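Have the sequence and the 3D view open side by side, and look for each residue as it comes up.

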Amino acid sequence: MAKSRYEYVKLFEQADNCLRNCWIVVRLDGRCFHKFSSQHRFNKPNDERALNLMNYCGRVVMKEFPDIVIGYGQSDEFSFVFKKSCSLFGRRASKLMTNVTSLFSSSYVFYWKNYFSDILQYPPTFDGRVVQYPSDTNMRDYLSWRQADCHINNLYNTSFWTLVQQGQCSVTEAEKKLCGTDSADKNELLFSQFQINYDKEPAMFRKGSVLLWKEVEESKLKKCENNNTEDGEHKKNVTRKRKDVIIQHIDIIGNNFWTSNPQILSQ
């Protein structure tokens, strides 16, 4: 690049390299998604189409950046955990955040038509932040916090919208009924008044979505030479293994998940 007398302005840039040997978490949040979901007539309390779109965008991001060892999404947010040894973009926080956020946002718009028949009314916005965690415990606690938040919010929203949609309560009345209630109260309300067993609600709503790399088998037809056929070829089914991003709706707070997936913390 040609030098000029204006290059001194680069000195004003601030270094924002993430610390070495730390987990790097990039978390995205939908901006003003209460308005966005209302404008696009999302189903309440959960819109499966919207959640599946978020999950697909999460897979797009993880496939583009293989240094992400696990992703977790719920509602209008998604978290991506980069491995401790990640050297992508020189570990610059601004680069990691903007690349992940822009790819996720553009994917949301690009793949919208695959999940919704309605036309996108206006571009959605996602904000992003970078947080560094020095220990495995810190990183696990972060993901536990997000899944606990998913449970708390979804139980409240399920109770609230059930009161509104099935209990003929106004928004104000539903808020008053739930004021001061704990999880046990909400579970009792759902079961006793509406015969809803919260534990049997879809796991994606209750637990969120966990994205991780797994080895999967893939079968495809392959052309092989065969002297016994007229054209000298025949097709054979070949199975091979490859790594892919899979989506699960499971508990990540307990130890079972981490003992079953030791590859995450070993990176």
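This is a predicted model: local features need pLDDT of at least 70, side-chain atom pairs count only at pLDDT 80 or more; totals for chains, interfaces and linings use all residues.

A charge is said to sit over a ring if NZ of Lys or CZ of Arg is within 6 Å of the ring centre and within 35 degrees of the ring normal. Keep that rule handy for Lys35, which lies over the face of Tyr122 at 5.6 Å from the ring centre.

**Rings and charges**

- How many aromatic pairs does a search of the whole structure find? The count comes to 26.
- Take Tyr142 and Trp145: their ring centres are 5.8 Å apart and their planes meet at 70°. Planes over 60 degrees apart count as edge-to-face, so that's the label this pair gets.
- Both residues belong to helix 4, which covers residues 136-165. Tyr142 and Trp145 are 3 residues apart there, so about one helical turn separates them.
- Tyr142 is buried, with a relative accessible area of 2%, while Trp145 is partly exposed at 46%.
- Phe160 and Trp161 make another edge-to-face pair, with 5.2 Å from centre to centre and 90° between the planes.
- Phe160 counts as buried at 7% relative accessibility, and Trp161 counts as partly exposed at 23%.
- Trp145 also has a charge over its ring: the charged end of Arg146 sits 4.2 Å from the ring centre.
- There's an aromatic cluster to find as well, and its members include Phe33, Phe36, Phe42, Phe78, Trp112 and Phe126.

**Two helices side by side**

- In general, two packed helices are described by the angle between their axes and the distance between the axes.
- Helix 4 packs with helix 6 (residues 183-194) at an angle of about 35°, and the axes are 10 Å apart.
- Is the crossing of helix 4 and helix 6 left-handed or right-handed? Helix 4 passes helix 6 in a left-handed crossing.
- On the helix 4 side, the contact residues include His151, Leu155, Tyr156 and Ser159. On the helix 6 side, they include Ser183, Lys186, Leu189 and Phe194.
- Sorted by class, this contact has 6 nonpolar, 7 polar and 1 charged residues.
- Leaving aside its neighbours within four places in sequence, Lys186 is in contact with Leu155, Tyr156, Ser159, Leu178 and Thr181.
- Now look from Lys186 over to Cys22: they are 164 residues apart in sequence, and their C-alpha atoms are 39 Å apart in space.

- As background, most residues other than glycine have a negative phi, and most peptide bonds are trans.
- Arg41 isn't a glycine, but it has a positive phi of about 55°.
- You'll find Arg41 in the loop between helix 1 and helix 2, and at 56% relative accessibility it counts as exposed.
- Ser75 isn't a glycine either, and it has a positive phi of about 55°. Ser75 lies in the loop between strand 2 (68-74) and strand 3 (77-82).
- Which kind of peptide bond joins Lys44 and Pro45? That bond is cis, with omega at about 5°.
- Pro45 lies in the loop between helix 1 (33-39) and helix 2 (48-64).

- Phe65 has its place in the loop between helix 2 and strand 2. Phe65 is buried, with a relative accessible area of 8%.
- Not counting residues up to four places away in sequence, Phe65 touches Phe82, Leu88, Phe89, Asn99, Val100 and Leu103.
- Phe65 and Asn43 are 22 residues apart along the chain, and 32 Å separates their C-alpha atoms.
- Lys113 is in the loop between helix 3 (93-110) and strand 4 (126-133). Lys113 is exposed, with a relative accessible area of 58%.
- Lys113 and Leu53 are 60 residues apart in sequence, and 9.7 Å apart in space from C-alpha to C-alpha.

Note on methods:
Residues are numbered from 1 along each chain as its sequence is written. Side-chain values use heavy atoms; hydrogens and water are left out. Rings of Phe, Tyr and Trp (its six-membered ring) pair if their centres lie within 6.5 Å; planes under 30 degrees apart count as stacked, over 60 as edge-to-face and the rest as tilted. Helices (H or I, at least four residues) and strands (E, at least two) are DSSP runs, numbered from the N terminus. Buried means under 20% relative accessible area, exposed over 50%, partly exposed in between (1.4 Å probe, protein chains only). Axes are lines fitted to C-alpha atoms, for helices over the stretch in contact, and angles run from 0 to 180 degrees between N-to-C directions. A crossing is left-handed if the near helix is turned anticlockwise from the far one by less than a right angle, and right-handed if clockwise. Contact means heavy atoms within 4.5 Å. Ala, Val, Leu, Ile, Met, Phe, Trp, Tyr, Cys and Pro count as nonpolar, Asp, Glu, Lys and Arg as charged, and the others, Gly among them, as polar.
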